[in-house]
Amino acid sequence: MAIGGKSEGKVLGLLQMPFWRSAGKTGGVSSSTHSSASLNRHQHPPGAQIRGSGSTSVPSMARSLLLTRRRLRLDPANKLYFPYEPGKQVRSAVKIKNTSKSHVAFKFQTNAPKSCFMRPPGAVLSPGESIIATVFRFVELPENDDKQDQKSKVKFKIISLKVKGPMEYVPELFDEQKDQVAVEQILQVVFLDLDRPGPKLEKLKRQLAEAEAALESRKKPPEDTGPRIVGEGLVIDEWKERRERFLAQQQVEGVDSI
């Protein structure tokens, strides 16, 4: 079959052009380039095409899920509510619960360590254990009587660290295992107006009362439910003490009478 000069030039140009350029130029794969398209699919199977694209691979998705997994649950979740009393030291409270299956150490951090402190500053929680931490802060007098002006100046951060088992909390734990430390939450400061009571203020008062009661219970010595142990193998008998005191008193009275 005879082919004209212009048509012959077009065909030769397409045959000499690489497939990726011809497909891009023509805008798709036609029936005349079916064999080239089959070859392209053979060289680049669907799995390889997905891995080469910009979509997220499975390992990176798993890593992102692990990074966002929380070990602690906070109440309130992301704020610290303080009563607004300029020129005074005020208190806030946050309940921290270990929701993981391992022992977790947590630690408070703040960008204003000179005017804020926490009690306790950190602790080790067993699985399911919870604690109410009290946060103290000195409220400075505002320059322009704007309560909202101080809302974002001071922030608190709670970091966590998975530990092997029950142990005493020491801040150095977080320095020794920096690569395992996770940021649980950054807490923003919100002031509450004492002249306008509401649910948040009532909840804060309730949590502060619970924190004080827990602190007092930790200060009290354990109740004595059995005999008092003075030394190894020596038990003080209450009736024996009374008898010895009675005999000593009788001796003193006898000496006085003589």
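Which residues does I96 touch, not counting residues up to four places away in sequence? I looked this up in what is a predicted model. I96 touches L72, R73, L74, F106, F108, L125, E129, S130, I131, A133 and I158.

**Core.** Next I checked the largest nonpolar core, which holds 26 residues. I96 is among the members that touch the most others, along with L72, F82, F106, F108, F156 and I158. Another core, of nine residues, lies apart from that one, and I noted A93, I132, L201 and A211 among its members.

**Sheet.** I then traced an open sheet of five strands and got the order β2-β9-β8-β4-β6, with mixed pairing. On average, neighbouring strands here are turned by 25 degrees against each other, direction ignored.

I zoomed in on β4 (residues 103–110), which pairs with β6 in the antiparallel sense over four bridges. F106 stands opposite A123 in β6. F106 had already turned up on the contact list of I96.

**Helix α7.** Last stop was α7 (residues 199–219), with 21 residues. From first C-alpha to last, α7 reaches 31 Å, close to the 30 Å expected at 1.5 Å a residue. Which residues of α7 are buried? I found L201, L204, Q207, L208, A211 and L215. They sit on the same side of α7 because they cover an arc of only 125 degrees around the axis. I also looked up what they pack against: β1 (72–75), β2, β3 (89–98), β5 (116–119), β7 (130–138) and β9 (182–192).

How values were computed:
Residues are numbered from 1 along each chain as its sequence is written. This is a predicted model: local features need pLDDT of at least 70, side-chain atom pairs count only at pLDDT 80 or more; totals for chains, interfaces and linings use all residues. Side-chain values use heavy atoms; hydrogens and water are left out. Two strands pair if DSSP finds at least two bridges between them. Helices (H or I, at least four residues) and strands (E, at least two) are DSSP runs, numbered from the N terminus. Axes are lines fitted to C-alpha atoms, for helices over the stretch in contact, and angles run from 0 to 180 degrees between N-to-C directions. A nonpolar core is a set of buried Ala, Val, Leu, Ile, Met, Phe, Trp, Tyr and Cys residues joined through side-chain atoms within 4.5 Å. Buried means under 20% relative accessible area, exposed over 50%, partly exposed in between (1.4 Å probe, protein chains only). Contact means heavy atoms within 4.5 Å. The expected span of a helix is 1.5 Å times one less than its number of residues. The arc is that of the directions from the helix axis to the C-beta atoms.
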